[in-house]
Amino acid sequence: MTKKKTTKKAAKKAAKKTTGKTTKKATKKTAAKSVRKTTKKAVSVKAKKFVFDYDPAPESTAIVNIKSRYEHFINGEFVAPESGKYMSTINPATTEVLSKVAVGNEKDVDKAVKAARKALNGTWGQMSGAERGKYLFRIARILQERAREFAVLETLDGGKPIKESRDVDIPLAAAHFFYYAGWADKIEYAVPGREAKPVGVCGQIIPWNFPLLMAAWKLAPALAAGNTVVLKPAEQTSLTALLLAEVLQEAELPAGVVNIVTGAGETGAALTAHSDVDKIAFTGSTDIGKIIAKAISGTNKKLTLELGGKSANIIYEDAALDQAVEGVINGIFFNQGHVCCAGSRVLVEESIADTFMKKLKKRMQQLRVGDPMDKNTDIGAINSKEQLDKIKELVAKGKTEGGEFHEADVKIPSKGYFCRPSFFAHQSASGTISRVEVFGPVLSIQTFRTPDEAITKANDTNYGLAAGIWSEKGSKIHKTALGLKAGVIWANTYNKFDPTSPFGGFFESGYGREGGLQGLLPYLEVK
Amino acid sequence: MKVVKTIKLYIGGAFVRTESGRSYSFNVAGKDTQFARLCQASKKDFRNAVESSKGAFKSWSSKSAYNRSQILYRMAEMTEGKRHEFESLFMDSLGKTEGEAKEMVDKAIDTFVYYAGFCDKFHQIAGSINPVSGPFHNFTHIEGVGVTTLIEDDKFDFNSLIDSICSILTGGNSVIVLLGEGCPAVLGPLAEVMATSDVPGGVINILSGHLDELSEVIAEHREVRSVSFQSTRDDVFQAMKLKSTDNMKRMVPRHKNEKCLENILSFVEYKTVWHPVGY
């Protein structure tokens with residue numbers, strides 16, 4: 001406290017000095033430095049005079065040793081792909097090739113499924129829940145201890161800001177293993193009054209937006225429940241899953257319990273089609289989710305899907321507006337908008353719409369888009385050229401459909417895949433940006449007049465993943481939450497995740513939940 | 001001379017004939033004598049039932065759990081009152097003995113009572129307050145998936161039918177029951193139980209008809225959020241699963257056990273709400 005007061009005084013003094021015309025260049029510099037550190041009040045005196053930028057604050061990449069080539073992880077060992085083929089994985093912020101990753105085919109998948117089956121019938125299947133749990137605790141701990149290594153690799157391979165991989169992805173991934181570890185010897189409490197057994201061999205296919213975190217979401221409950229797994233990471237972002245394989249080795253997890261086969265869509269299709277897989281769990285787009293559901297419709301394979309969304313973020317006129325603006329920024333620009341539950345449709349009450357938009361524009365202007373390895377970066381690189389092209393195409397289409405388009409006038413790097421944050425306001429509910437999941441930093445804004453209208457508009461989508469509500473009135477929040485058809489509702493907050501909190505959607509946003517007690521159930525077969 | 005009636009469909013709380021003007025006969029067990037005529041519901045009848053069921057879902061799901069519980073208990077009471085009608089129907093149309101018919105009705109009544117007592121409890125067992133690491137109050141609440149279609153066809157089992165109806169209603173859903181060709185003329189007394197149990201019109205609709213004719217429209221209808229498939233015809237189930245992937249319907253296979261929590265949880269969605277805690 002004392003320190004703060006002193007600085008405040010010094011700043012005022014400095015500000016005064018600067019106003020008195022007696023200063024020399026050197027004094028100006030000192031004053032600028034002090035003002036920079038001080039409160040808003042002090043800054044407001046002379047804010048216009050000092051245009052300053054952040055210095056680069058890059059996280060070191062020295063902690064990561066990226067190999068020139070990565071193999072599949074099958075039966076506890078790294079093995080070369082049957083086809084001998086490898087694909088490149090790039091850093092989307094620089095477009096440089098980081099490494100080569102094995103391309104899996106049916107033979108690789110078959111080897112992995114056989115290893116998983118063997119482990120299920122052998123060591124893992126016969127192990128007590130308590131022992132299984134100890135392996136999961138061990139994995140969680142190693143992840144925590146190697147957290148920075150994972151964070152740096154995640155950002156290099158995927159383009160997300162280091163502050164997000166460091167503060168969100170990796171700690172949450174470790175927390176998921178920690179949480180489900182404790183379930184392994186308490187399964188009987190998950191199905192009160194019944195007996196349950198593991199489903200069997202699970203094929204898990206995960207996306208590129210939260211690579212390690214999605215691997216943890218999938219693996220932790222499956223293993224806690226006693227299943228064995230064949231995991232296929234996204235082809236754009238396989239590296240942290242393969243580093244996780246090293247952690248599994250370090251944790252001495254029995255061979256075959258987790259197998260990782262890398263590759264693109266064909267590899268995923270081979271896994272889905274394999275006759276000895278008992279369950280498929282997929283996170284990704286609704287289109288691919290439907291293809292998977294079709295592919296296994298003739299079988300008795302179990303299925304959980306965590307798919308897309310077009311989640312509404314409702315702002316009532318009695319909301320704490322500055323907080324709501326922060327929530328909207330976090331809702332749509334977190335992870336470049338590559339978030340299935342992104343708050344991509346703002347519904348703002350008409351009476352405050354103008355003020356809201358003014359504040360939003362100002363806040364968007366302060367976003368720093370650029371080097372994901374920089375600790376001050378808010379919006380990193382778009383994950384791939386393909387995704388950047390898709391975003392650009394949707395934005396171009398949106399521009400032809402009327403309404404207001406606003407893009408923050410911020411600098412973006414000339415190299416790599418970057419996209420300025422933007423919004424479309426007052427477009428029709430049937431417009432492209434109001435309906436289609438952009439999966440990028442592009443927001444749609446519409447207005448409403450009554451709570452019923454807000455709920456109707458929010459529910460006017462085939463999706464049902466998440467929604468946000470901003471209001472200072474508790475009863476209004478609860479009534480709105482009851483009316484919204486979505487699996488996750490954030491009231492006066494947004495994009496919060498926790499291993500104890502079930503996540504997943506209604507309708508075309510998928511089947512089943514991940515996280516919490518409810519996230520354990522899809523991996524159990526009640527007798 | 002005996003008056004043989006045509007048993008009507010039950011849609012939106014009203015007894016109606018099929019708009020298609022078709023019917024089929026159901027014979028007395030082991031004989032060529034007709035027991036009753038049943039309406040052969042058309043695709044249009046099904047769509048009408050969905051429309052009515054959609055509106056009813058709102059009113060049913062917003063009723064208090066206590067109220068739903070009392071209505072399910074009322075169904076048990078009304079079934080008891082119609083016991084003799086059900087029993088003679090099972091004896092005449094299915095060839096059951098008096099003892100078997102009585103046991104069928106006894107079990108069904110017990111099932112109504114079982115689920116009546118579950119309406120205001122399953123939320124506490126399967127819902128949760130989640131201890132997230134942060135200053136948030138976080139809870140998972142359970143609600144019905146929406147309009148559900150229940151398909152009962154061959155291998156008619158009265159108790160299994162009542163179990164499925166109850167588990168769907170207990171979850172807060174509305175239901176359209178399709179009694180396929182393999183089912184006896186149970187529609188009549190069952191619909192009368194529903195009509196006199198204070199359940200709002202449209203919450204339960206009962207159709208008689210041919211599964212092969214209606215399976216496609218059921219699978220493709222976007223407003224039908226879930227299907228409970230109690231028939232043994234796996235070929236139809238798989239075809240329906242394929243057809244319904246576009247609207248991502250929840251396709252629920254034949255249940256393994258009766259009178260249990262899992263049956264209710266097959267027809268619910270979990271909704272998790274976060275709110276900050278602070279001054």
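In the predicted model, 26 residues of chain B are in contact with 28 residues of chain A, a contact being counted where the C-beta atoms of two residues, placed from the backbone, lie within 7 Å. On the side of chain B that touches chain A, the elements giving two or more residues are strand 7 (136-144), helix 9 (234-243) and strand 13 (268-276) of chain B, where helices (H or I, at least four residues) and strands (E, at least two) are DSSP runs numbered from the N terminus. Strand 13 of chain B gives the most to this side, with eight residues. Residues are numbered from 1 along each chain as its sequence is written, and chains are lettered from A, with ligands numbered from 1, in the order in which they are written. Because the model is predicted, local features need pLDDT of at least 70 and side-chain atom pairs count only at pLDDT 80 or more, whereas totals for chains, interfaces and linings use all residues.

Strand 13 of chain B also pairs with strand 18 (residues 488-491) of chain A, in the parallel sense and over three bridges, pairing being assigned if DSSP finds at least two bridges between two strands. In strand 13 of chain B, B:Trp274 stands opposite A:Trp490.

Within chain B, three strands form an open sheet of mixed pairing in the order 1-5-4, with strand 1 (6-7) and strand 4 (23-27) of chain B as the edge strands, each pairing on one side only. Strand 4 of chain B runs antiparallel to strand 5 (residues 34-39) of chain B and is joined to strand 5 by five bridges; B:Phe26 has B:Ala36 of strand 5 as its bridge partner.
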